[in-house]
Amino acid sequence: MIDSPHILIVDDHKEIRDLVGRFLKQHGMRVSAAPDGKSMRKILSEHRINLIVLDLMLPGEDGLTLCRNLRAESSIPVVMLTAMGEETDRIIGLEMGADDYLAKPFNPRELLARIKAVLRRAQSLPDEELFSEETSIVFDRWTFNIAKRQLQTPDGVVNPLSTGEFNLLLTFVHHPGHVLNRDQLIDLTQGRDSTPFDRSIDTQVSRLRKRIEVDPKDPQIIKTVWGGGYVFTPAVEKK
């Protein structure tokens with residue numbers, strides 16, 4: 001059991017915590033449960049949690065607030081539970097950093113399937129080199145200011161980045177030296193907003209190369225790995 005995923009269920013309804021907890025345990029998972037954000041943080045401080053099932057409607061701090069605060073300091077996957085038909089809540093939840101969502105009432109088997117899918121996706125990604133929003137990153141001849149979303153050349157010329165360019169570059173500096181395929185890049189930059197066979201990532205890479213490469217036709221910073229994807233080659237350092 002020690003190698004099985006440890007799932008944290010955060011829901012103020014005891015019957016849901018108990019039902020989901022029993023079902024997940026029957027399928028080989030370890031389970032902890034919390035009724036609110038305070039209890040959630042206590043468990044997170046005491047255990048290594050692999051995924052959080054987080055209810056949107058909680059007393060005190062709601063699920064959106066907890067998810068946003070969690071994302072500021074952790075990459076633990078989150079499956080959010082929302083009320084049936086609340087499309088706005090679903091969208092906001094994904095924007096806050098949730099990896100997936102499920103509307104109540106739900107079938108425990110569907111929740112299990114989504115948990116397994118999110119865990120597979122998370123485990124397929126290389127470890128991240130995480131930087132805070134206040135950090136400036138130096139690579140090659142560039143300084144990447146995360147908070148201001150801009151690049152600066154050695155002679156002080158500032159280049160603002162589009163949202164797509166920023167998300168892509170941030171993903172690359174978080175995973176230097178790792179080959180990232182298209183699906184991984186789409187997942188890391190767009191999440192569930194992406195569509196199958198999305199080729200827009202190639203366009204974004206091309207645009208970013210025009211920003212940072214000496215010769216975009218012979219890229220040395222973002223190299224193509226044929227059949228594999230792309231790799232960000234320079235060393236990455238905090239400034």
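Predicted model: local features only at pLDDT ≥ 70, side-chain atom pairs only at ≥ 80, totals over all residues.

Reply: Residues are numbered from 1 along each chain as its sequence is written, and side-chain values use heavy atoms, without hydrogens and water.

Me: How do you know that the span of helix α6 agrees with its number of residues?

Reply: Helices are DSSP runs of H or I with at least four residues, and the expected span is 1.5 Å times one less than the number of residues. For the twelve residues of α6 (residues 163-174) this gives 16 Å, and the end C-alpha atoms are 16 Å apart, so the two agree.

Me: What makes α6 mostly covered?

Reply: Nine of its twelve residues are buried, that is, under 20% relative accessible area with a 1.4 Å probe, protein chains only. Among them are F166, L169 and F172.

Me: Why is R17 said to have no salt bridge?

Reply: A salt bridge needs a side-chain nitrogen of Lys or Arg within 4 Å of a carboxyl oxygen of Asp or Glu. The nearest side chain of opposite charge to the buried R17, D18, is 5.5 Å away, so no salt bridge is assigned.

Me: What makes a set of residues a nonpolar core?

Reply: Its members are buried Ala, Val, Leu, Ile, Met, Phe, Trp, Tyr and Cys residues joined through side-chain atoms within 4.5 Å. The largest such core has 24 residues, and F139, F144, L169, F172 and I222 touch the most other members. Its largest share, six residues, comes from α6.

How values were computed
Helix = DSSP H or I, 4+ residues; strand = E, 2+ residues; numbered from the N terminus. Buried < 20%, exposed > 50% of the residue type's maximum accessible area, 1.4 Å probe, protein only. Lys, Arg positive; Asp, Glu negative; His and termini not counted.
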